[in-house]
Amino acid sequence: MIKSSHSYDVVVVGGGPCGLAASLRLANNGLRVALIEKGSYHQPRVGEHLPASAMGVLQELGISAICSDATSHLHCAGVVSWWGNEHTPHELDYFYHPFGHGLNLTRPQFDRQFADHVRRQGTLILEHAKIQQLSWTGAAWRIDIVTEEVRCCMETQFVLDASGKSASIARTQASHIIAWDAQIALIRNYHSCAGPINDRTTHIVIEPCEIGWWYFAPLADGQGVCMFITDPDLIDLRKHSIENSWRVVLGKTRAVAPILQSFATMSKPVVCSARSQRLDHFFGDRWLAIGDAAMAFDPLSSQGITKGLRHGWMAGQVVIRYLSGETAAIAHFSQDLEAIFSEYIATRAGYYATEQRWADSLFWRRRHTSTGKR
């Protein structure tokens, strides 16, 4: 195993859209940047939708070209939702937006293309990388890292925590995760749509039910992803029961089930956290949490990837200002994050309040009465 030691201006921990966006801005401004990714860009990743409003973010980052291949990333026409009404859906048509469409990304291909672009701008990206030790020497952060091929020591003036919901760096610095709920997502991928091409939807489909809500997103090349959002105590998640749980709840839908019938094959359902959460503080001495590490939103917001790109891009500029001597820049950015999360919580509560068909259901009662953290 090769051993080495290097010095960087900034080390970014986490190679999702947020970490990549931050690295891109930092490198574009001449900083020496290393990005540590615990997985690889060939492993499955959750999340796919970019609303039409996010097309401007792609342009600002200069990465629109990597999303331009319609055979890889599907142009999304909008959102059809049966929220609050089982007879007439609400339709959000992206045709009337200046960009005319959103995108349903193929993951992890998007991340892989984005990472290649960031590498070309000068960032070192280490995949399958594990941080063994993180310490402050008094003059710099020292980070001991091991990958499949190299063991190295990095020194840096600043660490960006873009590690996702685990907030792995922030938690070592006495920051704690505050959860607003225990919400989960059951996710499965669908393959080989057999229906006529003209019958395939290019819309996101959302359909509530008594114990949660359903989401379907069509993807390029006749693929699709379906997600059921609920609470873990409302559905049987035992290995031998999860397929039946999925089938029973899906069978009660009017919109989603007929769409899924046109697919030839599907993956096994995967369970992951879909809760709203935030850190009790977002920064400390020469470190800052961004993206889902700082705050994670309900999938209903459709803001996961978009938020990551925006926060990463903004954070890159904030760190540049901080390292240039504007020491208050991080604190001011943290205040912006506080305002963003407060607005999100209010918007989320208002949206859940509009669905009253199952007011006595535990899932909906929790969201109608929730006032804050768990």
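Does R188 count as buried or exposed, and at what relative accessibility? At 2% relative accessibility, R188 counts as buried, where buried means under 20% relative accessible area, exposed over 50% and partly exposed in between, with a 1.4 Å probe and protein chains only. The model examined here is predicted, so local features need pLDDT of at least 70 and side-chain atom pairs count only at pLDDT 80 or more, while totals for chains, interfaces and linings use all residues. Residues are numbered from 1 along each chain as its sequence is written, and side-chain values use heavy atoms, leaving out hydrogens and water.

R188 has a charged partner: its side chain meets that of E243 in a salt bridge, with 3.0 Å from N to O. A salt bridge here is a side-chain nitrogen of Lys or Arg within 4 Å of a carboxyl oxygen of Asp or Glu, and the count by this rule comes to 19. Because E243 lies in helix α5 (residues 242-250) and R188 in strand β13 (residues 184-193), the pair ties together parts that are 55 residues apart in sequence. Helices (H or I, at least four residues) and strands (E, at least two) are DSSP runs, numbered from the N terminus. E243 itself is partly exposed, with a relative accessible area of 30%.

A second salt bridge joins D231 and R366, whose closest N and O atoms are 2.8 Å apart. D231 sits in the loop between β16 (223-230) and α5, and R366 in helix α9 (residues 362-369), so this pair links parts that are 135 residues apart in sequence. D231 is buried at 3% relative accessibility, whereas R366 is partly exposed at 28%.

Turning to the strands, an open sheet is formed by three of them in the order β12-β19-β22, with antiparallel pairing. Its edge strands, β12 (177-179) and β22 (295-296), each pair on one side only. Strand β19 (residues 277-279) is joined to β22 by two bridges; two strands pair if DSSP finds at least two bridges between them. Within β22, M295 stands opposite R278.

W287 belongs to strand β21 (residues 287-289) and counts as buried, at 3% relative accessibility. Beyond its neighbours within four places in sequence, its contacts (heavy atoms within 4.5 Å) include W141, F158 and H281.

Finally, helix α1 (residues 17-28) has twelve residues, and eleven of the twelve are buried. Among them are P17, L20 and L24. After α1 comes G30, whose phi is positive, near 85 degrees.

Technical notes: The expected span of a helix is 1.5 Å times one less than its number of residues.
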